[in-house]
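Colleague: I would like to go through this structure with you and ask where each label comes from.

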Amino acid sequence: MDVYQKVLVKLHEASGGRDSQTVDFKELVKDLGFLGNYPDIFKQMSRQGWIAETRRPDVVCITHWGIKEAKKIGGEGTEVSESEKIVAKETERLQSDAKQFAIMLDEFAGDRSKGSFASLDNVFGKMSDAMGKIKANVE
């Protein structure tokens with residue numbers, strides 16, 4: 001794990017994994033022992049899209065992309081809740097079904113038969129189920 005990833009994981013912990021929580025970034029970097037490299041760390045993490053500046057100097061919020069990367073790194077404090085696992089699984093399923101739905105919709109446009117519509121309706125039902133599960137588990 002490089003310095004940027006260590007800082008990102010620590011930021012994720014400090015923010016509680018919420019993109020609405022502000023954190024004194026300079027203090028966090030100082031606590032990790034990297035204060036001398038603060039400007040470079042700040043610049044790189046901003047460039048990566050992992051942090052967003054606030055109106056207050058040296059105070060940041062972790063971004064959606066930063067949260068995702070911190071979880072991917074798998075550092076301490078990034079345990080994924082059961083709800084997050086369900087949302088991730090159902091989102092992947094929904095993406096797959098949406099692609100299939102688009103293809104089937106194109107086919108239905110050329111063949112407006114009852115059987116073609118039934119297949120289309122079936123995939124739409126799966127997408128609706130996935131949306132319901134996502135909605136019930138979004139935190």
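Modeller: Along the sequence the pattern is α-β-α-α-β-β-α-α-α, which gives six helices and three strands. Helices here are DSSP runs of H or I with at least four residues, strands are runs of E with at least two, and both are numbered from the N terminus. This is a predicted model, where local features need pLDDT of at least 70 and side-chain atom pairs count only at pLDDT 80 or more, while totals for chains, interfaces and linings use all residues. Residues are numbered from 1 along each chain as its sequence is written, and side-chain values use heavy atoms, with hydrogens and water left out.

Colleague: What makes α1 roughly perpendicular to α3?

Modeller: Helix α1 (residues 3-15) and helix α3 (residues 38-48) pack at an angle of about 75°, with axes 10 Å apart. The axes are lines fitted to C-alpha atoms over the stretch in contact, and angles between N-to-C directions run from 0 to 180 degrees. Under 35 degrees is roughly parallel, over 145 roughly antiparallel, 65 to 115 roughly perpendicular, and the rest oblique. Therefore α1 is roughly perpendicular to α3.

Colleague: Which residues of α1 and α3 meet?

Modeller: Val-3, Tyr-4, Val-7 and Leu-8 in α1 meet Asp-40, Ile-41, Gln-44 and Met-45 in α3, where contact means heavy atoms within 4.5 Å.

Colleague: Why is Val-9 called buried?

Modeller: Buried means under 20% relative accessible area, exposed over 50%, and partly exposed in between, with a 1.4 Å probe and protein chains only. Val-9, in helix α1, has a relative accessible area of 7%, so Val-9 is buried. Across the protein, buried residues make up 31% of the 139 residues.

Colleague: How do you know whether Glu-69 is buried or exposed?

Modeller: Glu-69 has a relative accessible area of 16%, so by that cut-off Glu-69 is buried. Glu-69 lies in helix α4 (residues 64-73). Leaving aside neighbours within four places in sequence, Glu-69 is in contact with Gln-5, Leu-8 and Trp-50.
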